[in-house]
Amino acid sequence: MAEEPAPISFARGAPSLDIIDVEGLKAAADRAFTNDPAGSFAYGTSVGYKPLRAWIAERHGVAEEQVLVTNGSMQADAFLFDTLVQPGDTVVVERPSYDRTLLSLKGRDADLQAVPLAEDGVDVEAMAALLAGGTKVSLAHLIPNFQNPAGYSLSGQKRRALVALAREYEFTIFEDDPYVELRFSGERQPTMLSLSTTGEVVYASSFSKTVCPGIRVGYLVGPAEVIATIAKLATGTYISPNMVAQSIVNEFVRGGSFDTSIATVKTALAERAERLCAGLREHIPDAQFVEPEGGYFLWVTLPENVDGDALFAAAAERGVQIVKGSDFLLDDAKNAIRLAYSGVTPAQIDEGVRRLAEAYRSL
Ligand SMILES: Cc1ncc(COP(=O)(O)O)c(C=O)c1O
């Protein structure tokens with residue numbers, strides 16, 4: 001019997017183990033348990049582990065009352081949607097957008113309006129036209145840096161225009177920003193949170209991509225009243241988030257491991273992204289994509305007659321996991337796929353692209 005090829009996953013938006021600072025985490029855990037056993041091992045309050053909350057507040061230049069630290073940013077998203085989205089509310093999402101967000105909003109019976117995403121971010125003119133046409137938007141979910149799934153980032157000019165639109169039409173921007181630290185080329189833009197002066201932005205980020213996803217620590221920053229409302233909801237949900245995890249992250253970020261860990265991750269991601277793009281250019285010349293400046297993902301558009309769902313199946317038969325582009329869309333387009341290069345080594349990328357090209361030719 002022929003041996004099955006070793007599986008290669010371009011599907012998971014998660015880092016490979018070799019770029020996680022295991023030693024730094026061990027040392028941070030040791031310091032957390034030695035320096036603050038009472039704070040680490042007791043129930044805390046729903047706002048999160050206070051020293052970490054203070055560190056996040058300082059980093060974003062906001063008051064501590066504006067920060068809530070959660071079990072991963074997915075939990076932050078869920079709290080925010082429960083607070084701000086009622087059934088039937090119109091919520092703007094990017095096209096394409098993160099599949100879990102789409103599912104979460106659909107599950108809350110939101111009326112989703114997908115606005116096209118360009119290489120420099122969401123189509124602001126289309127959004128302005130929607131608003132000017134009388135659609136009452138309550139929330140806009142935007143992933144400003146190295147968007148999941150497209151890998152694109154929002155330009156500075158568009159960030160300013162969006163904050164102005166939110167102010168004029170009185171909707172909340174949900175700035176979902178877990179990849180912000182992972183820029184390996186190009187210029188960093190200010191957060192919409194920092195550009196907003198009248199509380200129209202609620203910001204979320206995470207330590208999943210800079211420390212490790214298993215630690216499940218993320219956070220929200222927003223107007224103090226919104227955060228206070230969410231804190232009540234969080235108390236009723238879990239009393240407090242995971243204090244052990246948050247005290248470890250606190251030591252990790254304050255002890256100097258954070259910057260080293262980000263540098264390690266960025267160096268690896270830059271190499272992997274380059275390798276993936278080069279491999280695709282060589283083996284699947286039909287594939288269209290924008291070379292990423294950071295983050296985890298490459299959005300690959302194929303000729304219109306190519307069925308990405310069929311490619312998904314053909315790749316799986318060859319031991320390669322990808323995600324169908326259709327998972328990130330609300331319409332019927334199928335000619336795209338998402339490739340994550342975060343969890344694969346350069347050697348796996350070469351082999352994975354070779355197999356993907358074979359799958360592509362088989363269609
Ligand atoms: C855009 C976006 N938001 C939120 C998350 C969830 O992150 P966390 O691990 O902090 O829950 C992800 C994870 O892939 C993501 O891509």
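Author: Let us start with residue classes: Ala, Val, Leu, Ile, Met, Phe, Trp, Tyr, Cys and Pro count as nonpolar, Asp, Glu, Lys and Arg as charged, and the others, Gly among them, as polar. In this structure, the lining of the largest pocket divides into ten nonpolar, six polar and nine charged residues. The model is predicted, with local features needing pLDDT of at least 70 and side-chain atom pairs counting only at pLDDT 80 or more, while totals for chains, interfaces and linings use all residues. Residues are numbered from 1 along each chain as its sequence is written, and side-chain values use heavy atoms, with hydrogens and water left out.

Reader: How is a pocket defined, and what volume does the largest pocket have?

Author: Rolling a probe the size of a water molecule over the atoms shows where empty space is left. On a 1 Å grid over the protein atoms alone, a cavity is a set of points where a 1.4 Å probe fits but cannot get out, and a pocket is an open set with protein on both sides within 12 Å along at least five of seven lines; lining residues have an atom within 4 Å of a point. Grid points are joined across faces, edges and corners, and a volume is the space filled by probe spheres set on the points. Here the volume of the largest pocket is about 570 Å³. It is lined by 25 residues, of which Gly13, Tyr98, Arg100, Tyr179 and Lys209 are the closest to its centre.

Reader: Which elements give two or more residues to the lining of the largest pocket?

Author: Helices (H or I, at least four residues) and strands (E, at least two) are DSSP runs, numbered from the N terminus. Two or more lining residues come from each of helix H4 (72–84) and helix H5 (99–107). H4 gives the most, with four residues. Domain bounds come from an automatic or database domain assignment. On that basis, domain 1 (8–20 + 259–362) and domain 2 (34–254) each supply at least three residues to the lining of the largest pocket.

Reader: Where does the second largest pocket lie?

Author: Domain 1 and domain 2 both give residues to its lining, so the second largest pocket lies between them. This pocket holds about 230 Å³ of space. Among its 16 lining residues, those closest to the centre are Glu119, Tyr152, Ser153, Arg183 and Glu293. By class, the lining of the second largest pocket has five nonpolar, five polar and six charged residues.

Reader: How many cavities of 30 Å³ or more are there?

Author: The count comes to one cavity of 30 Å³ or more. The largest cavity contains about 30 Å³ of space. Its lining consists of Leu280, Ile284, Ala287, Val300, Leu302, Leu311, Ile337 and Leu356. These divide into eight nonpolar, no polar and no charged residues.

Reader: At roughly what angle do the axes of H4 and H9 cross?

Author: Two packed helices are described by the angle between their axes and the distance between the axes. Axes are lines fitted to C-alpha atoms, for helices over the stretch in contact, and angles run from 0 to 180 degrees between N-to-C directions. The axes of H4 and helix H9 (residues 224–238) cross at roughly 110° and come within 10 Å. H4 is therefore roughly perpendicular to H9, where angles under 35 degrees count as roughly parallel, over 145 as roughly antiparallel, 65 to 115 as roughly perpendicular and the rest as oblique.

Reader: Are H12 and H13 roughly perpendicular or oblique to each other?

Author: Helix H12 (residues 308–317) and helix H13 (residues 346–362) pack at about 125°, with their axes 8 Å apart. H12 and H13 are therefore oblique to each other.
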